[in-house]
Amino acid sequence: MTEKHRNEAIANALKRRIREFSRVEKAFYGSIIITAITMAVSIIYLQSRNLQVQQQITDLNSQITEVQTDYDNAKQEVNELSSRDRVEQIAQNAGLTSQQDNIKQVE
């Protein structure tokens with residue numbers, strides 16, 4: 001029985017020791033909990049900020065695409081308006097003669 005009482009005493013001592021934390025242990029575990037909460041909040045903030053930046057990048061890319069399309073359309077229109085045949089036709093309609101050396105391609 002002595003062995004049984006001894007084991008029970010050790011088990012009771014361990015239970016009491018586990019339940020009662022010293023100030024240093026409380027501070028340590030408290031700091032771990034505060035650090036974990038701070039990191040969780042920081043991660044959530046960074047993820048939301050990342051999504052905002054990705055949305056801004058998407059908006060800018062769509063604006064760039066729109067401006068590029070407008071530029072390409074304008075360039076095509078300039079090419080169509082300044083084609084050699086068109087210039088010669090306008091000159092003939094105005095009663096002018098065509099001099100091939102004076103006509104240049106606009107880019």
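Helices are DSSP runs of H or I with at least four residues, and strands are runs of E with at least two, numbered from the N terminus. By this assignment the secondary structure of the protein chain, taken from a predicted model, comes to three helices and zero strands. The order along the sequence is α-α-α.

Confidence was examined for the chain and its elements. The mean pLDDT of the protein chain is 84, with 87% of residues at 70 or more. Helix 2 has the highest confidence, at a mean of 93, whereas helix 3, residues 84–93, has the lowest, at 75. Where pLDDT is low, predicted coordinates should not be read in detail.

The protein chain has 107 residues, of which 4% count as buried.

A nonpolar surface patch of about 390 Å² is formed by Phe 21, Phe 28, Tyr 29 and Ile 32. Of these residues, Ile 32 belongs to helix 2, which spans residues 23–81. The relative accessible area of Ile 32 is 41%, so this residue is classed as partly exposed, a class that lies between the buried limit of under 20% and the exposed limit of over 50%.

Two annotated segments were compared with the model. An unreviewed UniProt entry lists residues 27–46 as "transmembrane region". Over residues 27–46 the chain is 100% helix and 0% strand, with the end C-alpha atoms 28 Å apart. The record, also unreviewed, gives residues 57–84 as "coiled-coil region". Over residues 57–84 the model has 93% helix and 0% strand, and the end C-alpha atoms lie 42 Å apart.

Terms used
Residues are numbered from 1 along each chain as its sequence is written. This is a predicted model: local features need pLDDT of at least 70, side-chain atom pairs count only at pLDDT 80 or more; totals for chains, interfaces and linings use all residues. Side-chain values use heavy atoms; hydrogens and water are left out. Patches are made of residues with over 30% relative accessible area and no salt bridge: like charges are joined within 9 Å, nonpolar side chains (Val, Leu, Ile, Met, Phe, Trp, Tyr) within 5 Å. Accessible areas come from the Shrake-Rupley method with a 1.4 Å probe; for residues, only the protein chains shown count as cover. A salt bridge is a side-chain nitrogen of Lys or Arg within 4 Å of a carboxyl oxygen of Asp or Glu. Buried means under 20% relative accessible area, exposed over 50%, partly exposed in between (1.4 Å probe, protein chains only). UniProt positions are given in the numbering used here, feature names are shortened, and annotations may be inferred rather than shown by experiment. pLDDT is the predictor's confidence in each residue, from 0 to 100.
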